Amino acid sequence: MKNLITKLENQSRLNEEEANQLWDLDLFVLAKYAQKKRFELHGKKVYFNANRHINPTNICADTCKFCAFSAHRKNPNPYIMTHEEIIKIVDETVARGTKEIHIVSAHNKDTTWQWYLEIFKMIKEKYPKIHIKAMTAAEIDFLHRRFNMSYEEVINKMLEYGVDSMPGGGAEIFDEKIRNKICKGKVSSENWLKIHKLWHQKGKQSNATMLFGHIEERKHRIDHMLRLRALQDETNGFNAFIPLVWQRNNSFIQADKIMDSEEILKTISISRIVLDNIKNIKAYWATMGLNLAMVAQEFGANDLDGTIEKESIQSAGGAKSANGVNLKTFIDMIKTSNLIPVERDSLYNELKTY
Ligand code: V47
């Protein structure tokens with residue numbers, strides 16, 4: 001333990017064994033080291049953006065047990081949007097000042113690859129300045145399997161059709177045994193990382209998520225972070241790490257433990273310490289609630305994600321995020337916490353300090 005503290009004091013990189021020892025430290029000890037790094041990188045700034053989530057379909061060929069959004073599981077309302085419906089949403093949200101459209105779909109085998117990708121082209125042609133964050137590695141893998149396209153082909157089409165950056169979804173938990181139990185058949189961990197690597201090699205950026213609080217153990221979270229850290233050493237293409245707290249309603253997983261605030265904050269602090277090469281740690285308010293996401297800003301996180309406007313994935317699992325949040329709430333909460341509200345774009349360029 002003495003060696004570990006010395007390494008933390010010196011901000012030396014931790015190996016797997018040392019990273020796993022972090023769980024034994026008190027939350028406030030972890031917070032001290034996480035906050036040191038957070039303040040070095042971002043000072044008192046808390047980032048957020050004005051974004052809109054669109055989930056064009058919930059009909060899914062994959063059968064992830066943690067998911068309450070997919071229609072053929074417990075959600076009784078299957079849907080698929082037309083491109084006209086999607087552009088209408090984009091028109092309305094752009095008029096309100098939204099700068100990023102975040103598009104994530106289920107894996108619908110009754111569509112064509114054009115249905116997926118022409119959404120981006122349609123938006124980009126009308127709104128060239130809007131940032132399109134779309135296509136998780138799981139969707140890319142699905143198009144590859146369904147339409148016999150290589151990852152490279154799908155990625156080239158994404159670039160051609162106007163995708164600006166990739167969201168971090170589909171990572172779940174990389175440990176193969178756990179993955180097999182919660183989302184068998186979906187993109188493998190190896191391929192998730194391979195797809196992001198290919199995307200980064202095109203000079204593009206992406207995010208990385210981690211779904212926790214289900215049947216994984218703490219050591220699996222560390223393993224997940226270390227696999228991301230290794231890829232980031234190679235490519236430096238990840239903008240943000242986003243630990244997603246699993247929302248348990250309407251799922252097919254029987255999990256006894258419930259993530260309490262301390263465990264969530266420990267996970268945030270540890271990710272800030274272990275992921276020494278990923279600049280931003282996002283406390284995604286939709287999965288931990290606005291209040292805890294604000295508290296997380298004092299435990300290593302520096303970002304809250306965005307206004308979202310309509311949230312369908314986590315809210316299907318019980319989160320109170322269905323209607324998003326307005327910018328003023330972010331700003332007021334951040335100021336109340338004596339931190340500095342900074343609206344950013346999708347790639348963390350600062351747009352406005354309040
Ligand atoms: O991959 C599904 C997760 C992800 C549940 O990149 C659940 O900026 C909690 O990736 N409880 C999709 N999580 C969302 C996503 C995302 C969200 C916000 C920002 C960004 C970004 C990416 O949602 C899936 C899966 O891991 N998920 N069901 C659930 N019940």
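Leaving aside neighbours within four places in sequence, which residues is Ser315 in contact with? They are Ser321 and Ala322, where contact means heavy atoms within 4.5 Å. The model is predicted, with local features needing pLDDT of at least 70 and side-chain atom pairs pLDDT 80 or more, while totals for chains, interfaces and linings use all residues. Residues are numbered from 1 along each chain as its sequence is written, and side-chain values use heavy atoms, without hydrogens and water.

Ser315 belongs to helix H14, residues 313-316. Helices (H or I, at least four residues) and strands (E, at least two) are DSSP runs numbered from the N terminus. The Ser315 side chain also reaches the backbone oxygen of Glu311, at 2.5 Å.

Helix H14 leads on to the ligand. Strand S5 (206-212), strand S6 (238-245) and H14 are the elements that give two or more residues to the shell around the ligand. This shell divides into nine nonpolar, eight polar and four charged residues. Nonpolar here covers Ala, Val, Leu, Ile, Met, Phe, Trp, Tyr, Cys and Pro; charged covers Asp, Glu, Lys and Arg; the others, Gly among them, count as polar.

A nitrogen atom of the ligand is 2.8 Å from a polar backbone atom of Gln247, and an oxygen atom of the ligand is 3.1 Å from one of Gly169. The protein covers 96% of the 620 Å² of accessible area that the ligand has on its own, by the Shrake-Rupley method with a 1.4 Å probe.

Methods: A polar contact is a pair of N or O atoms within 3.5 Å; within protein, one must be able to donate a hydrogen and the other to accept it, and residues adjacent in sequence count only if both atoms are side-chain atoms.
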